[in-house]
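I opened my notebook and worked through the model one entry at a time. Here is what I looked up.

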Amino acid sequence: MLALANRLPLYQRDAAAGEWQRSTFFCLQDHPTLQLAGKHLVMVGQGELGSEVARLAEAFGMRVTFAARPGNEANDQRASLDDLLPDADVISLHCPLSDATKHLINSERLANAKPSLLLVNCARGGVIDELAALEALRS
């Protein structure tokens, strides 16, 4: 989350391409970074890892909301991922891969997300429909 918020992959690419040496300033500031304070983090999974990530995010001043357990929304008092998604600045996935979570992040959900959404997958790869994610990034 910190690497994405600070655009680390973009700055790594620029530094490797020699942009730092060509800069007239002492550092690179070409890519706007995201201040995490005040941003909304939606957590999918409230186990040991998800709870600890939420605690750390709160230390950065983020507003943290846990989504209802996928596939069990009707029996869960927490809001569903679909209800939380339009307001989310960051989604962090910490859920097991199951029939209910396979391709949990799909084209429909990505279409309802902010274009600036940061998506962190600490779960299994199959929780995200990779083709839908790639298409969302391209568009």
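**Entry 1: a loop residue**

I started with Ala123, which is in contact (heavy atoms within 4.5 Å) with Leu93, His94 and Cys95, leaving aside its neighbours within four places in sequence. Ala123 lies in the loop between E4 and helix H7 (130-138). Helices (H or I, at least four residues) and strands (E, at least two) are DSSP runs, numbered from the N terminus. I also checked Ala123 against Val44: they are 79 residues apart along the chain, and their C-alpha atoms are separated by 9.5 Å.

**Entry 2: ground rules**

I noted that this is a predicted model, where local features need pLDDT of at least 70 and side-chain atom pairs count only at pLDDT 80 or more, while totals for chains, interfaces and linings use all residues. Residues are numbered from 1 along each chain as its sequence is written, and side-chain values use heavy atoms, with hydrogens and water left out.

**Entry 3: the sheet**

Next I traced an open sheet of four strands, in the order E2-E1-E3-E4 with parallel pairing. The edge strands are E2 (63-66) and E4 (118-121), and each pairs on one side only. From one strand to the next, the twist averages 20 degrees. Two strands pair if DSSP finds at least two bridges between them. I looked up E3 (residues 90-93) and E4, and four bridges join these parallel strands. One bridge I followed goes from Ser92 to its partner Val120 in E4.

Then I turned to helix H4 (residues 48-59), which lies across E1 (40-44), E2 and E3 and runs at about 160 degrees to E2. For such angles, axes are lines fitted to C-alpha atoms, for helices over the stretch in contact, and angles run from 0 to 180 degrees between N-to-C directions.

Is His31 buried or exposed? His31 is buried, because its relative accessible area is 17% and buried means under 20% (exposed is over 50%, partly exposed in between, with a 1.4 Å probe and protein chains only). His31 sits in the loop between helix H3 (19-22) and E1. Beyond its neighbours within four places in sequence, His31 is in contact with Arg7, Leu10, Tyr11, Arg13 and Asp14.

Arg7 counts as partly exposed, at 24% relative accessibility. Phi of Arg7 is near 55 degrees, a positive value in a residue other than glycine. Most residues other than glycine have a negative phi, so I marked that one.
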